Amino acid sequence: MKTLLILSLLLPPLEFWGQNQDKVLHYTETTGYNHGTKSKSLNMFNSWATQDNYTVTNDDNGNEFNSLANLQQYTVVVFSNTSGNSGLTAAQRANFETYIAGGGSYLGIHAATDTYRHSTANGNKTGTWDWYAETVAGASVQENPNHTSSNHNNTMSHQAPNHPILSAIPSPWNKTEEYYYWQNGYLASGFTELLRVGQTGGNSYDAPRMMAHCKDLPGGGRTFYTALGHSGNNFDNDQNFRQLIHDALIWLMQGATTFDIDEDDLSEARKPVLNQSNLSGGYIVLSEQPLIDSYRVCDLMGRQIATGLIQDKRIKLISYPSPLIYITYGSTYKVSYQAE
């Protein structure tokens, strides 16, 4: 693998996209309740693949988890309405743990928290794989009752209003949904709560609670889970739900990067290479044309605001609102600024 550096410049956030597409693993195995959303979920993720430059592999039996090397080709692994505690073997679970530790990312939808329920949760099928609830899903649904009625109407509000995943999601968001309960299940600490539903009834477990959360993982990847998405209509027609999943996927793909950097390179990578501020034009010039031939410009919240190609070793600059950039490229390249 070619060594990569991360350099911080006094420019807007800019990251290079490689020629290779991101790969998304869409995992839907159910050894518990089947919500009947498998094909609709797959169609949803496929509908964005061309515009967002990724490919989707569908897995309904866990075979893609058979080897670590195979898992490592995926930028994000989606658990879409999976259920039960007997889908993945111990070896497959170990491969996924190593994948996450090495910088992989996870996206969980609805019954993903009815999968490998934590040992402290009430009810059945608990304790098989506590790592899953503690590290990536961040929750296990309680049992008896698991949730409100499937047609319960309520309102959710933003809990991290500046997070990029929520940038296109209304607050308040009124939605008819099957709202999960956590009180007698499991809810991990250390996650950033994104969405919270209001009081859903008169029981203690009906209190306002998390409906989406996320976390930056120590290995360099990210995780996102939402309790929304119990019915096929979410994947087909609910534009707010589709937007939430789409923007979560983009956030995960932006953060899931594995770097091969030794300590000397890392020390050099932390040195600023350009100190000019308020650059409103001109070019960043590389010492040679990289194998990576395209880039994207994002604001500080990670939202994409421009894309382009690296042509003749140059990146065209325009006026951007933010003062900070992170630029990733091969370690043999040096950069300079060239005015118009």
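**View 1. Contacts of Arg-209.** Not counting residues up to four places away in sequence, Arg-209 touches Thr-148, Tyr-179, Tyr-180, Tyr-181, Trp-182, Glu-193, Leu-195, Arg-196, Val-197, Gly-198 and Thr-200 (contact: heavy atoms within 4.5 Å). The model is predicted: local features need pLDDT of at least 70 and side-chain atom pairs count only at pLDDT 80 or more, while totals for chains, interfaces and linings use all residues. Residues are numbered from 1 along each chain as its sequence is written, and side-chain values use heavy atoms, with hydrogens and water left out. Arg-209 lies in strand S12, residues 209-216 (strands are DSSP runs of E, at least two residues, and helices are runs of H or I, at least four, numbered from the N terminus).

View 2. Arg-209 is buried yet has no salt bridge (buried: under 20% relative accessible area, exposed: over 50%, partly exposed in between, with a 1.4 Å probe and protein chains only; salt bridge: a side-chain nitrogen of Lys or Arg within 4 Å of a carboxyl oxygen of Asp or Glu). The nearest side chain of opposite charge is that of Asp-206, 4.5 Å away (Lys and Arg count as positive, Asp and Glu as negative; His and the chain ends are not counted). A polar atom of the Arg-209 side chain lies 2.6 Å from the backbone oxygen of Tyr-180, and the side chain of Arg-209 also reaches the backbone oxygen of Asp-206, at 3.1 Å.

**View 3. The buried side of helix H4.** Gln-92, Arg-93, Asn-95, Phe-96, Tyr-99 and Ile-100 of H4 are buried. They are on the same side of H4 because they cover an arc of only 155° around the axis (taken from the directions from the helix axis to the C-beta atoms). Ala-90, Ala-91 and Ala-101 are exposed on the other side of H4. The buried residues pack against helix H3 (68-71), strand S5 (76-80), strand S6 (105-109) and helix H5 (130-137). Gly-103, with a positive phi near 115°, follows H4.

**View 4. His-26 in strand S3.** His-26 lies in S3, residues 22-27, and is buried with a relative accessible area of 0%. The side chains of His-26 and Ser-41 are joined by a polar contact of 2.7 Å (a pair of N or O atoms within 3.5 Å; within protein, one must be able to donate a hydrogen and the other to accept it, and residues adjacent in sequence count only if both atoms are side-chain atoms). The His-26 side chain also reaches the backbone nitrogen of Leu-42, at 3.5 Å. The C-alpha atoms of His-26 and Ser-80 are separated by 7.0 Å, with the two residues 54 apart along the chain.
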